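This report describes selected local features of one protein chain. The sequence and the structure are shown first.

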Amino acid sequence: MDIEVDADAPVGSITGAAMDGVAYAVVHHEEGWVMFEDRCTHAGCSFVHDGGEVAEGTVLVCACHGSEFDLRDGSVLEGPATDPLAIVPLRAERGRLRST
């Protein structure tokens with residue numbers, strides 16, 4: 001699967017992508033690229049449109065209620081969310097992102 005986002009985007013960037021009618025967040029963290037459905041597992045807030053933030057290199061913070069997720073595996077680091085994110089690892093290849 002190819003993702004059309006800027007593979008040269010800086011670490012910490014969160015970009016939106018849509019596939020088959022589903023909105024995804026594409027995130028560049030300090031250890032690589034990942035994508036997941038663009039909604040917090042707690043209350044459904046968008047990481048792209050509601051101000052999600054990458055902190056401490058590999059932690060995604062939801063701006064709505066402060067849930068924190070590990071971008072390496074999707075696990076919840078801090079609630080109120082209890083369900084993890086379904087992370088899809090990506091790799092940069094010739095200026096594009098591809099699933100690994």
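L85 is buried, with a relative accessible area of 6%; buried means under 20% relative accessible area, exposed over 50%, and partly exposed in between, with a 1.4 Å probe and protein chains only. This residue belongs to the loop between β8 (76–78) and β9 (88–93). Strands (E, at least two residues) are DSSP runs, as are helices (H or I, at least four residues), and both are numbered from the N terminus.

When neighbours within four places in sequence are left aside, L85 is in contact with F36, R39, T41, F47, L60, F69, D73 and G74, where contact means heavy atoms within 4.5 Å.

## Basis of the model

The model is predicted: local features need pLDDT of at least 70, side-chain atom pairs count only at pLDDT 80 or more, and totals for chains, interfaces and linings use all residues. Residues are numbered from 1 along each chain as its sequence is written, and side-chain values use heavy atoms, with hydrogens and water left out.

## Aromatic cluster

Rings of Phe, Tyr and Trp (its six-membered ring) pair if their centres lie within 6.5 Å; planes under 30 degrees apart count as stacked, over 60 as edge-to-face and the rest as tilted. By this rule there are two aromatic pairs. The ring centres of F36 and F47 are 5.6 Å apart and the planes stand at 85°, so this pair is edge-to-face. Because F36 lies in strand β4 (residues 32–37) and F47 in the loop between β4 and β5 (53–55), the pair ties together parts that are 11 residues apart in sequence. F36 counts as buried, at 1% relative accessibility, and F47 likewise counts as buried at 1%.

F47 also forms an edge-to-face pair with F69, at 6.0 Å centre to centre and with 90° between the planes. This second pair links distant parts of the chain, 22 residues apart, with F69 located in strand β7 (residues 68–70). F69 counts as buried, at 0% relative accessibility. F36, F47 and F69 form one aromatic cluster.

Strands β2 (residues 14–19) and β3 (residues 22–29) run antiparallel and are joined by six bridges; two strands pair if DSSP finds at least two bridges between them. A17 has Y24 in β3 as its bridge partner.

The two strands form a hairpin with two residues between them, and D20 in the turn has a positive phi of about 55°.
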